[in-house]
Amino acid sequence: SLGADATEANLQTSRFYEEHPEYLIGEEGARGWAGKLAEVLPYFQDFAHQEVRALRMDIAVEACTRYDITGFLYDFMRCPGYFKCGEEDAGAVLMTQFMRDTRRALDRVGRERGREVGLAVRVPSTLAGSRGLGLDLAAWVEEGLVDLIVPSSFFAQDMEEDVGEWVDLARGSGIQIYPSIDEGYRAGHTSGFRRWYVPPPVMTPLSNEMIRGLAARHLERGSDGVYVFNFFGTAPTYDYDNREALDDIGDPNRLEHRDKIFAVTRSHDSFPNCIQTQRQIPVKVQAEPVLITLYIPNDLVKARDRLRAVNLWLHLDNLTVEDEVAVELNGVELVCANPMCPGGYDPTPDAWLRFDLLDHLPVRGSNSISVCMAAFNARLAKEIPVELADLELEVRYEYPDGEWRRSPGWYPRT
């Protein structure tokens with residue numbers, strides 16, 4: 001693109017970035033990390049330099065001075081890496097001072113304007129992850145440096161995020177906790193688009209039911225609300241309309257009996273400096289049971305009369321008709337409602353098995369799901385093991401809270 005003077009402009013960086021390569025973390029600074037993190041971290045600016053921190057604060061103060069806005073958010077999860085490898089603990093002192101300076105500057109703007117100017121931060125989804133970046137959130141809360149904290153993933157939603165530790169940290173401080181809900185997540189499937197040239201795992205949009213499930217979990221754990229990240233881009237990125245869920249996720253009462261899906265997070269290699277990368281799935285399914293834990297925030301037993309369906313879905317790779325999978329929920333053996341049948345149409349080597357849970361409802365809180373092989377395909381088991389790629393628990397309610405389904409005969413010839 002062109003700048004105002006018809007010269008070429010780089011919209012990805014800035015003159016400050018281009019003119020000061022000495023402020024970068026650099027390859028030496030990234031040494032100690034592996035994989036993708038070691039590839040991208042050298043290009044991040046090192047916040048050990050006062051000039052780097054000062055520029056960010058100047059931007060915040062200028063925005064709040066020039067425009068009639070209610071506050072400013074520092075997004076520490078947009079490019080999560082601020083110090084050379086091993087210098088994060090020392091850098092935490094600098095970052096806390098950076099937050100003190102910003103807080104004082106915005107308070108000054110607020111006094112001049114006659115009303116408070118807020119300061120929010122978007123940070124890793126755990127306190128440990130924040131410390132891994134050199135962000136001492138406990139100190140920020142103790143000193144009252146922020147007004148709102150947004151625990152967050154990095155673009156791919158953590159389907160099992162637990163904000164309980166953040167709620168405990170902020171209790172009595174007046175600081176609000178608004179966990180982020182991202183627009184997509186890492187799936188071991190391709191949302192029905194089954195082509196050999198589009199192999200999973202892939203990023204896929206959170207369904208409206210998944211968004212409700214995440215919001216229900218956050219609110220049940222005590223968050224003050226939820227923050228939606230990049231929802232403006234869901235339609236052009238994923239061709240998915242998630243507006244329906246927005247009407248529900250801010251109100252626990254409205255949300256309670258709306259359809260939801262709860263899922264398990266897949267392992268990944270994205271930013272291990274601040275995100276838990278090793279998760280419960282994918283995992284090989286063998287004779288020894290695999291135990292998966294899934295948290296359900298709603299009391300489904302109490303709502304039994306309002307339930308239309310509760311299903312456990314297991315997505316298994318390399319499953320054949322000669323394999324037999326044994327599944328238990330909280331110690332109760334489950335029966336598969338859609339076992340694979342010989343001769344069925346199956347263009348790819350994976351299958352979704354459904355288990356009806358209406359007679360064995362999950363409990364509110366932590367649930368244990370046991371999965372193992374009761375019988376193997378003798379020809380394939382040693383070379384091509386069955387793998388649990390995805391796990392979802394679907395909860396659907398009767399109308400008026402759940403989806404309205406027209407009864408047969410509503411239209412002619414139905």
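Tutor: The charged end of Arg 122 is placed over the ring of Phe 229, at 3.7 Å from the ring centre. This, like everything that follows, is read from a predicted model.

Ring-to-ring contacts come next. The structure contains eleven aromatic pairs. In one of them, the ring centres of Phe 16 and Tyr 23 are 5.7 Å apart and the planes meet at 35 degrees, so this pair is classed as tilted. Phe 16 is partly exposed, its relative accessible area being 21%, whereas Tyr 23, at 9%, counts as buried. Another pair, Phe 47 with Tyr 82, is edge-to-face, with 5.0 Å from centre to centre and 90 degrees between the planes. Phe 47 belongs to the loop between α3 (35-40) and α4, and Tyr 82 to the loop between β1 and α5, so the pair ties together parts that lie 35 residues apart in sequence. Both Phe 47 and Tyr 82 are buried. These two rings also belong to a cluster linked by ring pairs, together with Phe 72, Tyr 74, Phe 76, Phe 98 and Trp 140.

Setting aside neighbours within four places in sequence, Trp 140 contacts Phe 76, Met 95, Thr 96, Met 99, Val 121, Leu 135, Leu 145 and Val 146. The largest nonpolar core has 45 residues, and the members that touch the most others are Phe 76, Met 99, Val 121, Trp 140 and Ile 149. At least two residues of this core come from each of α4 (50-66), α5 (88-113), β2 (118-124), α7 (137-142) and α8 (164-170). The greatest contribution is that of α5, with six residues. Apart from this core lies another, of 35 residues, which includes Ile 281, Leu 300, Val 325 and Val 371.

One contributor, α4, may be examined on its own. This helix of 17 residues spans 24 Å from its first C-alpha to its last, close to the 24 Å expected at 1.5 Å a residue. Its buried residues are Val 52, Arg 53, Met 57, Ala 60, Val 61, Ala 63 and Cys 64. Because these residues cover an arc of only 165 degrees around the axis, they lie on the same side of α4. Among the elements that cover them are α1 (15-19), β1 (71-75) and α5.

Terms used: Residues are numbered from 1 along each chain as its sequence is written. This is a predicted model: local features need pLDDT of at least 70, side-chain atom pairs count only at pLDDT 80 or more; totals for chains, interfaces and linings use all residues. Side-chain values use heavy atoms; hydrogens and water are left out. A nonpolar core is a set of buried Ala, Val, Leu, Ile, Met, Phe, Trp, Tyr and Cys residues joined through side-chain atoms within 4.5 Å. Buried means under 20% relative accessible area, exposed over 50%, partly exposed in between (1.4 Å probe, protein chains only). Helices (H or I, at least four residues) and strands (E, at least two) are DSSP runs, numbered from the N terminus. Contact means heavy atoms within 4.5 Å. The expected span of a helix is 1.5 Å times one less than its number of residues. The arc is that of the directions from the helix axis to the C-beta atoms. Rings of Phe, Tyr and Trp (its six-membered ring) pair if their centres lie within 6.5 Å; planes under 30 degrees apart count as stacked, over 60 as edge-to-face and the rest as tilted. A charge sits over a ring if NZ of Lys or CZ of Arg is within 6 Å of the ring centre and within 35 degrees of the ring normal.
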